[in-house]
Amino acid sequence: MRWLDNPQDEAERWLREGLDLQARRTDELALRRIWTKVSDKAAELDLQARPRPGVARVLYLFAGMAVAGGLALAVAVLWPALRAEELPVPMLAAPSLEIPGPPLVVADPEPLLVGPTTVRTGPREARSVRLKGGTRVDLAAHTTLAVDAGQRPQLQRGRVKLQVPRQEPGETFTVAAGPYVIVVVGTAFEVGVGMGRVAVDVREGVVEVWRDGQMVRLPAGHSWQGPAREAPRARRTASLAAPPPVALPPHPVDRFLQAKDALAAGDTGSALEILEQLSVGTGPTAENSSYEIGRVLRDHRRQPRAALAAWGRYRERFPTGLLRAETDVSRIETFLALGDRRAALVEAEAFLQNHPDSERLPEMARLVARLRGSGISNGSAGQARQAPGQSPEAAAPGRR
Amino acid sequence: MTRQVSHMTAPFPGAALPDQELVARCRSGDRVAWRMLYDRHAPLIYRFISALGVSPEEREDAVQDVFVAVYRSLESFRGEAQLSTWIYRIAARHAGRMGRRRRVRDVLAAVLLREPPPPPVPDPAERAAEVHFVDRLLSKLSPKKRTVLVLFEVEGLRVDEIARIVDCPENTVWSRLHHARSEMVKMAKRGDRIERVEKVEKRGEAS
């Protein structure tokens, strides 16, 4: 029996439930972002681990200690600014783009931002700006937003809230954040249908999903799935009284954790089944699950070819998806493990073209140099330029 | 010592590889093993860092720093304790340093700028009022009690493991845990009840 398993009152019940929910706290997208930076840092450390230890490290350590001692107070005071300069990290909270809490200081009321330009907010400052096309951007404190000459915004640090007006057919609004590109098609929610399920992801506002006089209300940042076996009849009840709410199905995060639990228990079949269900539709959960299927196939079922196919499907469904760069890297790693260095070279070269701003770029550039240096070629004299949504195989001349 | 880097080794290791073997493979430059080690422990450390009160804005940096430190120090891991215990220890120390820096900043800001410290920012990714509620109560515990309570109640570690992580005798761990629990229950039943009621009412309005 655990502490507070038999709560005496509501306060104790809240405590126990809060602690249990803490134990299930996770952020898969954050973990992937962190991995990107950790992996690249590890590669840097590997390069630095070449000879000249000993004296060089001792001197560095001594100098570091002297500097640290002298500047300790200044560093403590200036810490936020220092961190900001050395780590231009995207801090986009997933899945919601909402800023927590009210702004402390509001500066100029929504000036029009015309690129190329960069706007920054200070430690206790919030700003609102407008972009060409009518998108409103609310910047939280400690935020840096760049807009390039093509008027494309890039979040370099901090948090923003975006309100995107309806786009013309075929037009999309995008915002880059680190290695990711967030695509908005001018609506506040996304809907997907497939594999017998209907999925809804809400970015902004509130969406209601109706069926047979019953309704589920989804606020921003929430996702929902339901069976598509019977066509939902979106009729409203004649009564003015609110319809009885339908109990929300398990949150996708909980389902994702169930998949992880199944994996930890060695039940890859159940894990894959859950991930397949979650991968329906669009949105961060669907993308994350689609990517994870490949990981399970490669690392747990030891089926690297099946993993490559799964990641190929991810690329077809989400050509500019949140995990496109991660997917490309995973394919490269898998080809290397299979000994197919030519395919790895093709993929790595495509990575350099498709992800010029990726933090994995230096690592991939080193890999390309190493593979070329070992006599591997990509197999074609005139390498076709690969379109962003295209797979390297499709881009290479002479291949089907 | 030059670390030989190879990106991959074959065959692909399965999920059943014990930590010791993962560490050995990481030391030999196996990137897949390093990824598996990260996947196995990063979610725990992310959760742990969150429960220790590191703000959402600093959380990713904190976890990154921990795993870079792990990678740097893999050669020195002797296997006397579990790998997870060792990583928790690194994370606890790092979170402690961050907490001390934040408190120094807040004190300096209060003294120099005459501004009160900013209130803790709720994590927008958290959807449950209970989590916010517990976060607020945890923020009122001393760092030592908070660390012990989180390791025991949230991370589910044994007292002997916690003693290794926080580097104190097991009796001290039990004592801190007892006091932490008492304080949490007192705060939960006392003025924080008002906040609980308000959260429940707001949740009812939204549904």
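This is a predicted model: local features need pLDDT of at least 70, side-chain atom pairs count only at pLDDT 80 or more; totals for chains, interfaces and linings use all residues.
Residues are numbered from 1 along each chain as its sequence is written, and chains are lettered from A and ligands numbered from 1 in the order in which they are written.

**View 1. The secondary structure of chain B comes to nine helices and zero strands.** Helices (H or I, at least four residues) and strands (E, at least two) are DSSP runs, numbered from the N terminus. From the N terminus on, the elements of chain B read α-α-α-α-α-α-α-α-α. Of its 207 residues, 49% count as buried; buried means under 20% relative accessible area, exposed over 50%, and partly exposed in between (1.4 Å probe, protein chains only). The accessible surface of chain B is about 9,800 Å², with 54% belonging to carbon and sulfur atoms; areas come from the Shrake-Rupley method with a 1.4 Å probe, and for residues only the protein chains shown count as cover. Among contacts (heavy atoms within 4.5 Å) in chain B with a separation of 6 or more, 61% are between residues 24 or more positions apart.

**View 2. The largest nonpolar core has 73 residues.** A nonpolar core is a set of buried Ala, Val, Leu, Ile, Met, Phe, Trp, Tyr and Cys residues joined through side-chain atoms within 4.5 Å. The members that touch the most others are A:L15, B:W34, B:I49, B:V66, B:F67, B:I87 and B:M184. Helix 2 (residues 31-51) of chain B gives the most to this core, with twelve residues. Leaving aside residues up to four places away in sequence, B:W34 touches A:W35, A:V38 and A:A42 in chain A, and B:C26, B:F67, B:V70, B:Y71 and B:L74 in chain B. A second, separate core of 21 residues includes A:L263, A:L272, A:L275 and A:I293.

**View 3. A:R33 makes a polar contact with B:E60 through their side chains.** The distance is 2.6 Å. A polar contact is a pair of N or O atoms within 3.5 Å; within protein, one must be able to donate a hydrogen and the other to accept it, and residues adjacent in sequence count only if both atoms are side-chain atoms. A:R33 lies in helix 2 (residues 28-48) of chain A and counts as buried, at 6% relative accessibility.

**View 4. Strands 3, 4 and 7 of chain A are joined by antiparallel pairing.** Two strands pair if DSSP finds at least two bridges between them. Four bridges join strand 3 (residues 126-131) to strand 4, and strand 4 (residues 136-139) pairs with strand 7 over four bridges. Strands 3 and 4 form a hairpin with four residues between them, and A:G133 in the turn has a positive phi of about 105°. Five of the six residues of strand 3 are buried, so this strand is largely enclosed by the rest of the structure.

**View 5. Helix 6 (residues 284-300) of chain A is mostly covered.** Of its 17 residues, 15 are buried. At 1.5 Å a residue the helix should span 24 Å, and its end C-alpha atoms are 23 Å apart, which agrees; the expected span is 1.5 Å times one less than the number of residues. Helix 6 is followed by A:R302, in the loop between helix 6 and helix 7 (304-317). A:R302 has a positive phi near 60° and is not a glycine; this residue is exposed, with a relative accessible area of 51%.

**View 6. Two further backbone features lie in chain A.** A cis peptide bond joins A:G115 and A:P116, with omega about 5°. A:P116 is in the loop between strand 1 (106-113) and strand 2 (117-120). A:L4, in the segment before helix 1 (10-23), has a positive phi of about 65° although it is not a glycine. At 9% relative accessibility, A:L4 counts as buried.

How values were computed
Side-chain values use heavy atoms; hydrogens and water are left out.
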